[in-house]
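Visitor: I have a protein model open and want to learn how to read it. Could you take me through it, one feature at a time?

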Amino acid sequence: RRHLDPAVSVLTPREREIALLAKERLRAKEIADKLYISEMTVKATLRSVYSKLGIHSKIELDLVEF
């Protein structure tokens, strides 16, 4: 839970935003379109999120408490 609490999160606000959208099952392209960023930026940010949270996939991201 502490991972995604904005007050103590290891994630930046943008990483948190992208992680929340990914948890809603949006694809990288959909997240990119919604946030007006490139799909590659979304993918790179998700890799950073996974690294910081010690996970490896969206399936594991689903298990993280928000």
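Guide: Start with one side chain. The side chain of T45 reaches the backbone oxygen of T41 at 2.7 Å. That is a polar contact: a pair of N or O atoms within 3.5 Å, where, within protein, one must be able to donate a hydrogen and the other to accept it, and residues adjacent in sequence count only if both atoms are side-chain atoms.

Visitor: What kind of model is this, and how are residues numbered?

Guide: This is a predicted model: local features need pLDDT of at least 70, side-chain atom pairs count only at pLDDT 80 or more, and totals for chains, interfaces and linings use all residues. Residues are numbered from 1 along each chain as its sequence is written, and side-chain values use heavy atoms, with hydrogens and water left out.

Visitor: Where does T45 sit, and is T45 buried or exposed?

Guide: First the cut-offs. Buried means under 20% relative accessible area, exposed over 50%, and partly exposed in between (1.4 Å probe, protein chains only). T45 lies in helix α3. Its relative accessible area is 14%, so T45 is buried.

Visitor: Which residues does T45 touch?

Guide: Contact means heavy atoms within 4.5 Å. Not counting residues up to four places away in sequence, T45 touches E15 and I18.

Visitor: Is E15 buried or exposed?

Guide: E15 belongs to helix α1. E15 is buried, because its relative accessible area is 8%. Leaving out residues up to four places away in sequence, E15 touches V10, T45, S48, V49 and K52.

Visitor: V49 is on that list. What surrounds V49?

Guide: V49 is found in helix α3. V49 counts as buried because its relative accessibility is 0%. Beyond its neighbours within four places in sequence, V49 is in contact with L11, E15 and A19. V49 and R16 are 33 residues apart in sequence, yet 8.0 Å apart in space, C-alpha to C-alpha.

Visitor: Let me step back. How many helices and strands are there?

Guide: Helices (H or I, at least four residues) and strands (E, at least two) are DSSP runs, numbered from the N terminus. The protein has four helices and zero strands. Along the sequence the pattern is α-α-α-α.

Visitor: How do I check the length of a helix such as α3?

Guide: Compare two spans. The expected span of a helix is 1.5 Å times one less than its number of residues. For the 15 residues of α3 that gives 21 Å, and its end C-alpha atoms are 21 Å apart, which agrees.

Visitor: Which residues of α3 are buried?

Guide: The general idea comes from helix geometry. An α-helix has 3.6 residues a turn, so residues three or four places apart point the same way. In α3 the buried residues are V42, T45, L46, V49, Y50 and L53. Seen down the axis of α3, they fall within an arc of 140° (taken from the directions from the helix axis to the C-beta atoms), so they line one face of the helix. They pack against α1, α2 and α4. Turned away from that buried side are the exposed residues M40, R47 and S51.

Visitor: Which residues of α2 are buried?

Guide: They are A28, I31, A32 and L35. Their arc, seen down the axis of α2, is 100°, so they line one face of the helix. Their cover includes α1, α3 and α4.

Visitor: What follows α2 and α3 in the chain?

Guide: Look at phi there. Y36 follows α2, with a positive phi near 60°.

Visitor: How many residues are in the largest nonpolar core?

Guide: In soluble globular proteins, nonpolar side chains tend to be buried together. A nonpolar core is a set of buried Ala, Val, Leu, Ile, Met, Phe, Trp, Tyr and Cys residues joined through side-chain atoms within 4.5 Å. The largest one here has 18 residues, and I31, V42, L53 and L61 have the most contacts inside it. Helices α1 (13–23), α2 (28–35) and α3 (39–53) each supply at least two residues of this core. The largest share, five residues, comes from α3.

Visitor: Where is L61 placed?

Guide: L61 is in helix α4 (residues 58–63). L61 counts as buried because its relative accessibility is 0%. L61 and L20 are 41 residues apart along the chain, and their C-alpha atoms are separated by 9.2 Å.
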